[in-house]
Amino acid sequence: MPSKTIIEPFRIKSVEPIRWTTREQREELLRAAHYNLFLLPADDVLIDLLTDSGTGAMSTRQWAAIMQGDESYAGSRSFDRFRDSIQEIFGYHHVIPTHQGRAAERILFSVACKKGDVIPNNTHFDTTRANIEFIGAEAVDLPIPEARQPSKWHPFKGNMDVAALEELIARVGRERIPLVMITITNNSGGGQPVSMENARAVSAVCHKHRIPLYFDACRFAENAYFVKQREDGYSNKTPKQITQEMFALGDGCTMSAKKDGMANIGGFLCTNDGVLAAQEKDLLILTEGYPTYGGLAGRDLEAIAVGIQESLEEDYLRYRIASTAYLGNHLANEGVPILQPPGGHAIYLDARAFLPHIPPTQFPGVALAGELYLEGGIRSVEIGSLMFGAAATMDLVRLAIPRRVYTQSHVDYVIEVVLAVWQRREQIRGMKLTYQAPFLRHFTAYLEPVTAEVPQLLEA
Ligand code: F0G
């Protein structure tokens, strides 16, 4: 790069105002939302880092393609463009459109899995796990050991533990494992990449045992860029070549086009297995729509066909990965504990290390996320004891960065807000639950600050 400053590789043609609130207003708004940021009206958020899913900005080319959407029920030419674009990148024979990623997951697992089966993954995303468990199968996470230590640096912390996979297959038997998945990048593990070497090793184990390998492809382009930067032998390959090489190791994929598809809605399911594809299409017709639109409008198919190619552009990926690292490194340099190294789509604050005086039973992640909102109107998401209950091994606060939406000055502002909260961290109190739903409680839970005095140590 000619200069040190990362500039956004685009200029802005259409703008969307964001709204300031006062500290007093935010205190009232947070109370009214029962300290659960999912329950805030989005208009009362200044910088929304809740998710990078479906929140990106589309390009002029995508908007132009939208005008060419063919809304025919069957045989739409928009489907042809969608399929051709996806096949060029991923290389699979059958491409099935769905309204988002979890619909692809539901169809895949409904057709390929049954009660009592076991599905390994580096780390299952919540919807993947929930769809597997809904069938009565078991979702098993097999990340490498380094993935469980937030402060540990590893270039490919998203890798799967290959020995653990072998051991699992030996223990439960290959008949009970209808497929193996690899999630790139590993979102629940911190947006961390998977190396080509690891994907190759997992693929070899799968093929030895004749078990199909599927990718959860949501952030495939970000993963490819990490491979280019960090893995020997890939610096001269394009992100597209790297993606093609990686997906050739598998038999299919699920995809949420709301991430590296650069679209606001959509997803797809791919497979090389013709028998499975026919069953998947039957189920698709029953619940999503005809196989040439699968619950999407023709214009959505067009936006994805263009967006999925744009996500592989090198100027874009250089900026994307660098701007996420910029946020993470500036925080880490000031001593703020983050999950290392910075991920592709998000920075994860380590709330247990940030607020060591708040036990996991008092939701340090929820407390920290609430303070970021109070301090500067930033919305983040807790990934920890509220989301996973006692099973949580970490309490993280994810700052997910929408694609092509915020500029470097927005990121600088986020850094200032986090540092201001860091300065007064010892005054932050834990939280207690006042209402919870029987499952996926984090979306709707009510909380309030614990009223017990601040620990003595901090008052001194
Ligand atoms: N797989 C991964 C790795 C994901 O991150 C997500 C969504 C999905 C599958 C499901 O896709 O939302 O289109 O149904 N992740 C979003 C997030 C919601 O905020 O991380 P979907």
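The model is predicted, so to speak of local features takes a pLDDT of at least 70 and side-chain atom pairs count only at pLDDT 80 or more, while totals for chains, interfaces and linings use all residues. Residues are numbered from 1 along each chain as its sequence is written, and side-chain values use heavy atoms, with hydrogens and water left out.

**Around the ligand**

- The ligand is surrounded by 17 residues, where being near means having a heavy atom within 4 Å of the molecule.
- Thr 51, Arg 102, Asp 216, Ser 256 and Lys 259 are the closest of them.
- Sorted by class, this shell holds two nonpolar, eight polar and seven charged residues. Here Ala, Val, Leu, Ile, Met, Phe, Trp, Tyr, Cys and Pro count as nonpolar, Asp, Glu, Lys and Arg as charged, and the others, Gly among them, as polar.
- Helices (H or I, at least four residues) and strands (E, at least two) are DSSP runs, numbered from the N terminus.
- Ser 256 has a polar side-chain atom 2.7 Å from an oxygen atom of the ligand.
- In the side chain of Asn 187, an N or O atom sits 2.8 Å from a ligand oxygen atom, and for Arg 398 the distance from such a side-chain atom to a ligand oxygen is 2.8 Å.
- On its own the ligand has 470 Å² of accessible area, and the protein covers 93% of that (areas come from the Shrake-Rupley method with a 1.4 Å probe).

- Rolling a probe the size of a water molecule over the atoms shows where empty space is left.
- A cavity is a set of points, on a 1 Å grid over the protein atoms alone, where a 1.4 Å probe fits but cannot get out; lining residues have an atom within 4 Å of a point.
- There are six cavities of 30 Å³ or more, and a volume is the space filled by probe spheres set on the points, which are joined across faces, edges and corners.
- The largest cavity, about 130 Å³ in volume, is lined by 14 residues, with Asn 36, Leu 37, Phe 38, Glu 382 and Leu 386 nearest its centre.
- Helix H14 (364-376) and strand S11 (381-383) each give two or more residues to that lining, and H14 gives the most, with three.
- That lining splits into nine nonpolar, four polar and one charged residue.
- The second largest cavity comes in at about 70 Å³, and its lining includes Glu 8, Tyr 319, Arg 404 and Val 411.
- H12 gives the most to the lining of the second largest cavity, with three residues.

**The largest pocket**

- A pocket is an open set with protein on both sides within 12 Å along at least five of seven lines.
- The largest pocket has a volume of about 1,400 Å³. Of its 37 lining residues, Ser 14, Ala 57, Met 58, Arg 404 and Val 405 are the closest to its centre.
- Its lining has 17 nonpolar, nine polar and 11 charged residues.

**Salt bridges**

- The whole structure has 30 salt bridges, each being a side-chain nitrogen of Lys or Arg within 4 Å of a carboxyl oxygen of Asp or Glu.
- One of them joins Glu 302 to Arg 81, with the closest N and O atoms 2.7 Å apart.
- That pair links distant parts of the chain, 221 residues apart: Glu 302 is in helix H11 (residues 298-310) and Arg 81 is in helix H3 (residues 77-90).

Methods:
A polar contact is a pair of N or O atoms within 3.5 Å; within protein, one must be able to donate a hydrogen and the other to accept it, and residues adjacent in sequence count only if both atoms are side-chain atoms.
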